[in-house]
Amino acid sequence: MVHIGNDWDTVLAGEFDKGYYKKLRTALADEYKTQTVFPPMGDIFNALKLTPYEDTNVVILGQDPYHGEGQAHGLCFSVPDGVKPPPSLVNIYKEIEAETGLTMPRTGCLTGWARQGVLLLNTTLTVRAHEPASHKKLGWEHLTDRIIWTLSERERPLVFMLWGAHARAKREYILNDRHLVLEAAHPSPLSAHSGFFGCGHFVKANEFLRAHGGTPIQWNEI
């Protein structure tokens, strides 16, 4: 039984008893025994643990965890303290600095965002070492699509940031127009110059939160 430790346990009640998750759990048990898998098992649900459902203000969607040693810790685009920020995160910082004039910290650990209500959710929550998208077909997206849908159903407005084709495909699960959906190219060095740089998402998100009585995100507090 998965225990998140906050209101996600109620929101997702029964989800972890469904057939797809039981198959996923069995597959994961084998993967963790026979392969090197990231993140560590205890970190898989960190995004949900750090950002409760009712406290979520912004959702940033990633695809799957970093697949290098010591990088993944359950938050999309984030790495633990002491680990060099990967190129996509460097580009995210560049965009924030360009939009806001803020100077970003040197750390790549985004737990400060998570505690401010930024849900840093990968759509696949595990990966084999050095094999990107290797767990894409295990069944994680049944769960993460459900998470996106439940947030879409929430009454209080929030912001969804969808970067790149994979994240933008999740637009179909965001059914209520009370939310702000921001779409752009992925911040990867391969695509950041094709629409991520200059997107203005971080300022737009805070303007929307203020307009709806919310607290803006302090993007440099990570």
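Which residues does Asn91 touch, not counting residues up to four places away in sequence? Hi everyone, let's begin there. One thing to keep in mind is that this is a predicted model.

The residues Asn91 touches, with those up to four places away in sequence left out, are Pro187, Ser188, Pro189, Ala192, Phe196 and Phe197. To find Asn91 itself, look at helix H4, which covers residues 87-100. Is Asn91 buried or exposed? Its relative accessibility is 7%, and buried means under 20%, so Asn91 counts as buried.

Now let's turn to the sheet. Four strands make up an open sheet, and if you follow them across, the order is E3-E2-E5-E6, with parallel pairing. At the edges you'll find strand E3, residues 118-122, and strand E6, residues 180-184, each of which pairs on one side only. Going from one strand to the next, the twist averages 20°.

Strand E2, residues 58-62, runs parallel to E3, and five bridges join the two. If you'd like a spot to look for on your screen, Gly62 stands opposite Asn122 in E3.

Next, the helices that go with this sheet. Helix H6, residues 140-152, packs on the sheet and touches E2, E3 and strand E5, which spans 159-163. The direction of H6 makes about 150° with that of E3. Then there is helix H8, residues 201-211, lying across E2, E5 and E6. Helix H8 runs at about 165° to E5.

So, to return to our opening residue: Asn91 sits in helix H4, and Phe196 and Phe197 are among the residues it touches.

Definitions and conventions:
Residues numbered from 1 in each chain as written. Predicted model: local features only at pLDDT ≥ 70, side-chain atom pairs only at ≥ 80, totals over all residues. Heavy atoms only, no water. Buried < 20%, exposed > 50% of the residue type's maximum accessible area, 1.4 Å probe, protein only. Contact = heavy atoms within 4.5 Å. Pairing = 2+ DSSP bridges. Axes fitted to C-alpha atoms, helices over the stretch in contact; angles between N-to-C directions.
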